[in-house]
Amino acid sequence: MLKIAKNRLNELFAAIAEKQTLYIPVDREDGAAEYRKWENGCEMSGALNTVRSAKDFFFPQTENLVDFKMEGKNIEVIDIRKESEDFVIFGVKACDARSFTILDKVFLVDPVDSYYKTRRDHGTVVTMACTRPSETCFCGVFGIDATAPEGDAACFSDGENIFFKANTEKGQAFIDSISSMLEEGDTAKLDEVQAKTKSILEKLPLANLSTDSFGGARLKEHFNSDKWGELSEACLGCGTCTFVCPTCQCYDIKDFNTGHGIKRFRCWDSCMYSDFTKMAHGNPRLTQLERFRQRFMHKLVYFPANNEGEFGCVGCGRCLSKCPISMNIVKVMKALEVK
Amino acid sequence: MQEAMIKRAKELLADGTVNRVIGWKKGEFFYDITPAVFETAEEIDADFVFDDFTSANVSKYLVKESKKEGKILAFLKPCDTYSFNQLIKEHRVVRENVYIIGVPGGPKLDIEKIKAKGITGVLGVKNENFTLKIDTLYGEETMPFYEAICGKCADCKSKKHVIYDELIGEDGDVLDSNRFDMVEKLENMTAQERFEFWREQLSKCIRCNACRNVCPACTCEKCVFDNPNSGVENKAASDSFEENMFHIIRAFHVAGRCTDCGECSRVCPQNIPLHLLNRKFIKDINALYGEYQAGADTTSRAPLNTYDTEDCEPSIVHERGVE
Amino acid sequence: MNNDTLIPYVGVVTDIRQDTPDVKTFRVVSPEGGKVFEHMPGQCAMLSVPGVGEGMFSITSSPTNKEFMEFSIKKCGCLTTWLHAMEVGQQITIRGPYGNHFPVETELKGKDLLFIAGGIGLAPLRSVINYVRDKRENYGDIQIVYGSRSKDDLVDYQEILDEWMNDDGVEVNLTIDNPQEGWDGHVGFVPNYVKELNPSTNKTVLVCGPPIMIKFTLAGLKELGFTETQVYTTMELRMKCAVGKCGRCNIGNKYVCKDGPVFRFDQLDELPDEY
């Protein structure tokens with residue numbers, strides 16, 4: 001397998017960044033990690049994951065869709081779209097890599113979202129296998145192997161070296177583009193590391209969480225469950241879970257008057273917000289119970305109902321660590337489990 | 001402490017003094033505790049918890065809960081009692097419908113602080129002589145207790161319960177805290193440095209509204225930021241300065257009412273030190289109008305709600321702004 | 001780059017008709033003349049005034065009209081207030097068509113049809129009614145039961161009087177909620193009127209109106225012996241994208257913008273009661 005010594009990562013990043021914009025997870029001064037554009041001196045974070053997921057690269061929190069010029073009674077529609085530049089996201093974890101497949105099922109089905117697609121087309125996802133999963137991790141529950149992540153190319157660390165494997169043509173092209181820096185390496189130690197990680201994955205406290213109770217067939221049963229009241233009781237109605245979630249993709253479209261034209265922009269929205277479904281003449285989800293239920297029904301029932309059983313969750317654990325009141329999908333799944 | 005609280009809660013439920021209890025419910029792990037209302041002794045026995053991780057302030061839930069049928073027992077830590085008092089002052093809670101038991105405060109622990117040290121796979125924590133022994137999937141780790149405590153507890157302003165019907169444990173005193181140190185540090189920066197500090201912090205904001213929604217001073221029926229006709233309702237920044245405005249407007253709106261409970265910074269998923277904005281207001285109010293602690297009582301008029309001929313002139317803003 | 005459905009076309013408002021005190025019908029064509037796009041009866045379009053907002057409206061004109069599209073819009077929010085204040089010649093933006101449509105070329109073909117509408121609920125049905133009238137040979141008898149709060153609130157009253165009522169094989173039954181001077185027609189709520197009219201149960205029903213009217217009408221129809229598979233309705237929920245991606249107009253796993261707005265009642269029965 002092709003590899004590079006870990007202490008040469010900076011050289012590698014420099015070589016990548018020469019050709020394309022490179023993003024890597026870096027540690028912030030507050031101890032949390034976030035993706036940043038690589039610049040000389042940026043070191044890759046060793047944190048479990050970033051606070052914000054990697055979905056931002058393809059579905060940013062806010063983006064301009066179209067501009068309008070208004071003159072008298074006339075409107076000019078200005079298509080401001082541009083092809084995305086080529087970029088590489090390095091160090092994406094297995095859970096986030098799977099989230100892209102889930103987002104694809106929303107944005108790339110007819111009618112294709114051209115804003116999302118151009119970024120997908122021009123972005124190369126280079127993943128990094130996990131070696132230190134946390135107690136909040138449960139990607140395995142959704143059939144994700146944290147030691148063998150998806151993405152265009154996958155990387156594996158044995159502590160001293162980073163090994164590369166292509167998963168797609170784009171990934172192969174990426175590896176080819178840096179092949180002069182790589183060398184064949186022995187994977188004996190890597191195999192050991194992988195085996196050790198696998199044994200940890202099996203021991204994770206949430207490893208045995210079951211999805212058997214969920215999916216499209218149980219739509220009404222779960223919708224009408226009497227558990228939602230208790231589960232949503234303490235919910236603050238904030239959007240933290242939604243915004244740190246790698247698969248949440250609901251959005252709002254709004255206009256902003258710059259004073260010399262209108263910008264129509266799209267931004268993340270949250271089904272947890274009270275105005276999400278509010279209309280001029282009423283609101284079908286009047287209390288937090290209905291909003292809370294929507295979020296989990298979407299991930300555990302509606303999404304699989306529409307997507308051959310695929311759940312709208314990748315088990316990254318962000319909502320487990322970030323919800324201000326510690327209510328999350330795991331607690332919901334356990335409460336709704338049909339025994 | 002937990003046992004004493006459970007015992008008392010069950011007594012008060014049994015003798016009909018209250019019909020519900022608001023406290024904290026055990027989570028999936030040892031630290032992910034959720035505020036919860038308990039209706040029966042069985043529910044309390046099964047899930048009630050009070051430990052190093054029960055940092056959430058349940059006062060705000062009483063806005064709704066105190067308007068329901070019957071009386072509710074609330075366990076309030078010293079800082080929570082300030083929030084509750086302030087809510088009484090603002091006529092947001094029905095005092096008669098709440099039976100308050102004051103319980104000791106922190107310091108509480110913050111799991112994020114532990115994880116920020118790179119400690120992962122955390123399964124349990126023990127405090128041995130102010131050293132945390134942390135059991136993880138990768139073996140035992142240790143860290144000093146004081147490095148893992150909640151930000152709001154590190155700057156604790158008071159161990160005193162300002163309102164209660166009874167106490168479990170002893171009452172404490174108002175502390176001589178160093179909570180304004182960081183504010184002073186910011187004040188001593190140049191305008192440019194300070195601007196950069198806040199730009200860096202606030203640019204992390206993901207506009208999740210957790211700070212607003214958890215804030216016991218934010219109890220408007222309809223927030224200006226949720227009103228499509230307000231012109232500031234955007235869910236995301238429509239320009240690069242917008243996040244700053246959200247937090248600054250919010251800080252202004254809770255000025256003189258914020259009790260410094262610290263929940264905003266505790267819940268911020270991006271670790272923005274939002275409490276510093278509020279503390280700046282508290283510090284200024286103290287300096288300009290005399291010492292005032294929101295929530296310390298339920299009757300006094302807040303400095304920003306009173307006019308006095310001795311009040312400083314608006315020009316103070318300009319004078320103080322000069323470097 | 002391919003066209004993106006989120007980027008709208010420009011439409012010109014060439015005629016504005018005050019239908020009722022709070023409903024106006026707007027005629028929209030493309031700046032070059034002609035329709036901006038083709039549609040089927042029951043489909044919707046997103047209309048917008050940049051800087052004010054964008055909203056989903058059912059296309060009330062029939063696809064058989066080859067010159068223009070019409071939208072009957074009730075004034076009730078920010079955008080609709082703006083639309084009501086505008087003048088002929090104003091440009092707006094328009095995108096679509098969105099959603100499914102009434103199955104005029106399949107299930108409804110050859111059937112006797114019963115249309116039941118309340119208030120502004122006539123807007124989406126008018127498209128079907130005129131489509132069916134223009135292709136009269138493909139359908140059986142047509143009965144239209146339409147009610148409103150008052151005579152003045154009957155949308156398209158002139159068209160109903162001048163055209164629909166003069167058609168062969170078209171029966172129109174109008175009703176208003178309360179007695180009113182100058183009204184010698186039926187008085188009473190739509191669901192009750194339907195029961196009084198006791199329509200034959202071999203008809204296929206298309207119903208649209210306020211939720212409460214739909215609820216009682218459906219109950220009444222069931223009493224008369226209709227089954228849910230015979231009754232169609234069209235739904236409305238808050239929408240932003242109109243293509244099943246923005247995530248807010250769902251009832252269960254169905255998006256009203258994409259899988260609807262037209263549902264048969266047995267299909268709605270499969271979904272949670274959240275609309």
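Visitor: How many residues does the contact take from chain B and from chain A?
Guide: This is a predicted model, where local features need pLDDT of at least 70, side-chain atom pairs count only at pLDDT 80 or more, and totals for chains, interfaces and linings use all residues. Residues are numbered from 1 along each chain as its sequence is written, while chains are lettered from A and ligands numbered from 1 in the order in which they are written. Two residues are in contact if their C-beta atoms, placed from the backbone, lie within 7 Å. Between these two chains, the contact takes 34 residues from chain B and 41 residues from chain A.

Visitor: Which element gives the most to the side of chain B that touches chain A?
Guide: Elements here are DSSP runs numbered from the N terminus: helices (H or I, at least four residues) and strands (E, at least two). Those giving two or more residues to this side are β2 (34–38), β5 (122–128) and α9 (210–214) of chain B. The most, four residues, come from β2(B).

Visitor: And how many residues on that side of chain B are nonpolar?
Guide: Ala, Val, Leu, Ile, Met, Phe, Trp, Tyr, Cys and Pro count as nonpolar, Asp, Glu, Lys and Arg as charged, and the others, Gly among them, as polar. The side of chain B that touches chain A has four charged and 11 polar residues, and its nonpolar residues number 19.

Visitor: Why is chain B as compact as a globular protein of its length?
Guide: Chain B has 13 helices and eight strands. The globule rule (2.2 Å times the number of residues to the power 0.38) is compared with a radius of gyration taken over C-alpha atoms. Chain B is as compact as a globular protein of that length because, for 323 residues, the rule gives 20 Å, close to its radius of gyration of 21 Å.

Visitor: What percentage of the residues of chain C count as buried?
Guide: Chain C has six helices and 15 strands. A residue is buried if 20 or more other C-beta atoms lie within 10 Å of its own, exposed if 12 or fewer, and partly exposed in between, with C-beta atoms placed from the backbone. Of the 275 residues of chain C, the buried share is 53%.

Visitor: Which residues touch the most other members of the largest nonpolar core?
Guide: A nonpolar core is a set of buried Ala, Val, Leu, Ile, Met, Phe, Trp, Tyr and Cys residues joined through C-beta atoms within 7 Å. The largest such core has 242 residues, and those touching the most other members are B:V21, B:A74 and C:F115.

Visitor: Which helix gives the largest share of this core?
Guide: Domain 1 (2–63 + 80–203) and domain 2 (216–336) of chain A both give residues to this core, so it lies between them. Those domain bounds come from an automatic or database domain assignment. The largest share, eight residues, comes from residues 94–107 of chain A, helix α2.

Visitor: How far apart are the C-alpha centres of domain 1 and domain 2 of chain A, and which element gives the most to the side of domain 1 that touches domain 2?
Guide: The C-alpha centres of the two domains of chain A lie 26 Å apart. The contact takes 26 residues from domain 1 of chain A and 22 residues from domain 2 of chain A. On the domain 1 side, β4 (62–71) and α2 of chain A are the elements that give two or more residues. The most, eight residues, come from α2(A).
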